[in-house]
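Please look through the sequence and the 3D structure below before reading on. The briefing that follows takes up helix contacts and then the spaces inside the protein.

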Amino acid sequence: MTDWPLPEGITGDPGLIRVFTGGAKEGEEDCPTLRAVKARPRLRSVHRTPYKPADFEPFALAAVMRKLDVLEFGRVRDDPTRVRPAHPGLERYAEHAVAQYLAAAKSLDSEEKMLPDPKYWVRQSKTTADPHGNRTVYELRVWGRCYANRERTVCELRLLRFGSVRPGQRGRSERDPAEVSMAAYVAAHGGRAAEPTRWGDEHNVQGAVTPQRVRVVEIGCLDGSVRPLFDGTPDEAKAAYQRLAAPRLRATVDAVHRRPGPGCATCRLTATCPSLQRTPGILGITDSSRPRRTLSVTDLRRYANCPAQEHLRRIHLPYDKDIEHDRHVARGHAVHAWLQHLHARTPQRPCTVADAPANRTDWRVDDWHLTGDDAELGARLIARHAAVCPLRHADPGTTAIAEQLLTFHDPKADVVLVAKPDLLYHSGGSVVWREIKSTKYRTPRGGKDILEQYPQAALALVLLAEGVLGGDVRRSRVEVEILRPSGPDLELVSPRQADRVATARQVIHDLAAPWHRDRTSAPNPGGRCARCEVARWCPAAAARPASSPSSELQ
């Protein structure tokens, strides 16, 4: 029996450990304890809460898998009680994805006739029972489309991607080699099993003939692209698994460290986790009947544009990056990334004019590459920042933190709120939240209240007023730095300004309340549709030719 300590607030039997291939990969914002709890499906929270199903299917690829199930097996293999309806936009994407998958499958045909396997592939092992009859059952399971030839001398696992798997696609992340090695190992050495009747039941695994050859490929559901990931013998798969995946999986199931983040929305520890800060009523909403979800200011801004857009981005449908990141947005991201790198230097020091890009007409940072006038303007804005760099005023001996993930739970609305300040630093013993914006305009436009124009600043002010970031609340402040070609503007708002705090609370409530009560995520057609990055999937948009996807749609 595992000696992993049961977290406070959790009860049940930890003796079944089930890990999917995703458990072998690492994510900077993943909570290790959440992953360990998820790996034990028989655990439950001591704080029973009513079941609050999502309005729509939250995992887009599940909808694709179900459509493929019907085509290949004549039925959906999922428990129908777990299936949520798909948003019309997801339905449109799933239909496209299935067509692309089937086209890709034809290109994979070889001399072996590959047949779809209606069972799931599972590698199961059990420890010897202790004197009390307790034992631990370990299950490794793949998530993908499983195929084998009639003799089962060749097994092939096909992993799905939302977008394209073609090399060189901007923003495309490589699949973790540990995840690939685990997938190959289960395909080579696992058995076959149906979905358990209950999630906490063991799989009834049937033995299977060990193949002579194992393949793992990934298929892009956007364009039918195919990328081989593994092609080898069972012995090679086992060696790769032991080298790459086994250490990761041991760390996953034994983890005790906590890192609050977006995953708190689905965690069984949310109600009792000591690392998750509570901010009751911060959204000004008293209604916990809705399913728990994560929420960011970016989500709220998208929702204000169009509820369907927000939902389709939330479920990670491929989006047109040429629209999402036009030249002005790309320049803003590049300026932001350059400053973030400067603020993360060790030892930390204030920015100077000399820290701007040396080549003012052609420079690159992370995934952003600027040339010509955009590069020149971006470099000029970075140089302008030096005059108001917050590190000039940071308390000695303290560390300023750029892009730190902050997570809070509002139990009155049952929402997990996430935010990433551009910079957090201490000045005079108080916490200062700096937001940095850049613009091509030399003077302010529109006359809008800065808290309305930048809801991030409104949220920052409310959080500081709540005192959840520590420090001397009376001296804390929000700084909004707006970089202009003519020079920087710096606007300050303080929690001591009761009227400003009231305005900030109203801004957040007015944005969050419609999102919180919405059950349809319906489109809001209008002038913005022409610049919507997910219009291709929108039920209110005219269909685009499926044969010519944008090269930047991922």
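The model is a predicted one, and a search of the whole structure finds three cavities of 30 Å³ or more.

**Helix 9 and helix 10**

- The axes of helix 9, which covers residues 327–343, and helix 10, which covers residues 372–385, come within 10 Å and cross at roughly 40°.
- Helix 9 and helix 10 are therefore oblique to each other, and their crossing is right-handed.
- On the side of helix 9 the contact is made by Arg327, Arg331, Val335, Trp338, Leu339 and His343, which meet Asp374, Leu377, Gly378, Ile382 and His385 of helix 10.
- Sorted by class, the residues of this contact between helix 9 and helix 10 are five nonpolar, three polar and three charged.

**Helix 12 and helix 13**

- Helix 12 (residues 455–466) and helix 13 (residues 498–517) have axes that come within 8 Å and cross at roughly 120°.
- That angle makes helix 12 oblique to helix 13, and helix 12 passes helix 13 in a left-handed crossing.
- Pro455, Ala458, Leu459, Leu461, Val462, Ala465 and Glu466 in helix 12 are in contact with Arg500, Val501, Ala504, Arg505, Val507, Ile508 and Leu511 in helix 13.
- The residues of the contact between helix 12 and helix 13 comprise eleven nonpolar and three charged residues, with no polar ones.

**Cavities**

- The largest cavity has a volume of about 100 Å³, and among the 13 residues that line the largest cavity, Cys31, Cys264, Cys267, Leu269 and Cys273 lie nearest its centre.
- By class, eight nonpolar, three polar and two charged residues make up the lining of the largest cavity.
- The second largest cavity, with a volume of about 50 Å³, is lined by His336, Leu339, Gln340, His343, Ala402, Asp422 and Ile436.
- Helix 9 gives the largest share of the lining of the second largest cavity, namely four residues, and this lining divides into three nonpolar, three polar and one charged.

- Strand 16 (406–410) and strand 18 (423–427) are the elements that give two or more residues to the lining of the second largest pocket.
- The lining of the second largest pocket holds ten nonpolar, six polar and five charged residues.

Definitions and conventions
Residues numbered from 1 in each chain as written. Predicted model: local features only at pLDDT ≥ 70, side-chain atom pairs only at ≥ 80, totals over all residues. Heavy atoms only, no water. Axes fitted to C-alpha atoms, helices over the stretch in contact; angles between N-to-C directions. Parallel < 35°, antiparallel > 145°, perpendicular 65-115°, else oblique. Left-handed = near helix turned anticlockwise from the far one by under 90°. Contact = heavy atoms within 4.5 Å. Nonpolar A, V, L, I, M, F, W, Y, C, P; charged D, E, K, R; others polar. 1 Å grid on protein atoms, 1.4 Å probe; cavity = no way out; pocket = protein on both sides within 12 Å on 5 of 7 lines; lining within 4 Å. Points joined across faces, edges and corners; volume = space filled by probe spheres on them.
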